[in-house]
Amino acid sequence: MDAGSFYLEEEGVRRNIAAEEIGYVLSTPAVPEFLTAREFLKFFLEINEDTIASPQSIDDYFDRMSIVPEDRDKLLKNKMQMLVNIIAQPKLLLLDEPLTSLDVVVAEEMKQLLRSLKQGRITIFSTHLMDLALDLCDEIVLLSHGMLESVKKSNLDGHGFKEKIIAALREEENV
């Protein structure tokens, strides 16, 4: 499938969503590898100065992400993707395996941050870690054979559910 439509429904009214309303964080960080964290953040703030609601200092943003002063002038990738999305405040935030490349401490910090970002936006993230989905998500859907299926959280720990997932994975491997 390579076509479809995408819209946002608010208070019963459907509307197209503009590109600037969408933020994304890839599983493999997609930030310039030749800029330090400070250089990248300065660049991002400058090109987006007209759209940032409540600009703060670069160091205030680093503090919010728990980036220590000695790391601010190094090449950082993992936290920078999330930081620019916090600054941009997109209405829809798409995350692809957002915690897989992070160490345990940073992953826990990011989980806390994701919880704090729920208000006023829709966050959709893909993960193969059911514990993470249970911990962070209000709603869970599974993608299988191009179809989305809503799943009740109470069913995720059931033996039948796990067998269904394993059977679907085996079927996809045999295709």
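This is a predicted model: local features need pLDDT of at least 70, side-chain atom pairs count only at pLDDT 80 or more; totals for chains, interfaces and linings use all residues.
Reader: Start with the second largest pocket. How much space lies in it?
Author: About 430 Å³.

Reader: Which residues are closest to its centre?
Author: Ile22, Gly23, Phe44, Asn85 and Ala88. The lining of this pocket has 18 residues.

Reader: Which elements supply at least two residues each of that lining?
Author: β3, α1 (37-47) and α3 (78-88). The largest share comes from α3, with 4 residues.

Reader: And how does the lining of that pocket split by class?
Author: 12 nonpolar, 5 polar and 1 charged.

Reader: What lines the largest cavity?
Author: Val25, Leu26, Ser27, Pro29, Asn78, Gln81, Met82, Glu97, Pro98, Ser101, Leu102 and Met110. By class that lining is 7 nonpolar, 4 polar and 1 charged.

Reader: Which helix gives the most there?
Author: α3, with 3 residues.

Reader: Now the surface. Which residues form the nonpolar patch?
Author: Tyr24, Leu26, Leu94, Ile122 and Ile124. Together they have about 430 Å² of accessible area.

Reader: Where is Tyr24 placed?
Author: In strand β3, residues 22-25.

Reader: On to charges. How many salt bridges in the whole structure?
Author: The search finds 15. One of them joins Arg15 and Glu10, at 3.2 Å from N to O.

Reader: Are those two buried or partly exposed?
Author: Partly exposed. Arg15 has a relative accessible area of 29%, and Glu10 has 31%.

Reader: What does Arg38 pair with?
Author: Asp59, with the closest N and O atoms 3.4 Å apart. That pair links distant parts of the chain. Arg38 is in helix α1 and Asp59 in helix α2 (residues 58-64), 21 residues apart.

Reader: What about Asp59 and Arg72, how far apart are the closest N and O atoms?
Author: 2.9 Å, in a salt bridge. Arg72 is in the loop between α2 and α3, 13 residues from Asp59.

Reader: Buried or exposed, Arg72?
Author: Buried, because its relative accessibility is 5% and the cut-off is under 20%. Asp59 counts as partly exposed, at 32%. Arg38 is partly exposed too, at 25%.

Reader: Which residues make up the network?
Author: Arg38, Asp59, Asp63, Arg72 and Asp73. Salt bridges with shared partners join them into one network.

Technical notes:
Residues are numbered from 1 along each chain as its sequence is written. Side-chain values use heavy atoms; hydrogens and water are left out. Patches are made of residues with over 30% relative accessible area and no salt bridge: like charges are joined within 9 Å, nonpolar side chains (Val, Leu, Ile, Met, Phe, Trp, Tyr) within 5 Å. Accessible areas come from the Shrake-Rupley method with a 1.4 Å probe; for residues, only the protein chains shown count as cover. A salt bridge is a side-chain nitrogen of Lys or Arg within 4 Å of a carboxyl oxygen of Asp or Glu. On a 1 Å grid over the protein atoms alone, a cavity is a set of points where a 1.4 Å probe fits but cannot get out, and a pocket is an open set with protein on both sides within 12 Å along at least five of seven lines; lining residues have an atom within 4 Å of a point. Grid points are joined across faces, edges and corners, and a volume is the space filled by probe spheres set on the points. Ala, Val, Leu, Ile, Met, Phe, Trp, Tyr, Cys and Pro count as nonpolar, Asp, Glu, Lys and Arg as charged, and the others, Gly among them, as polar. Buried means under 20% relative accessible area, exposed over 50%, partly exposed in between (1.4 Å probe, protein chains only).
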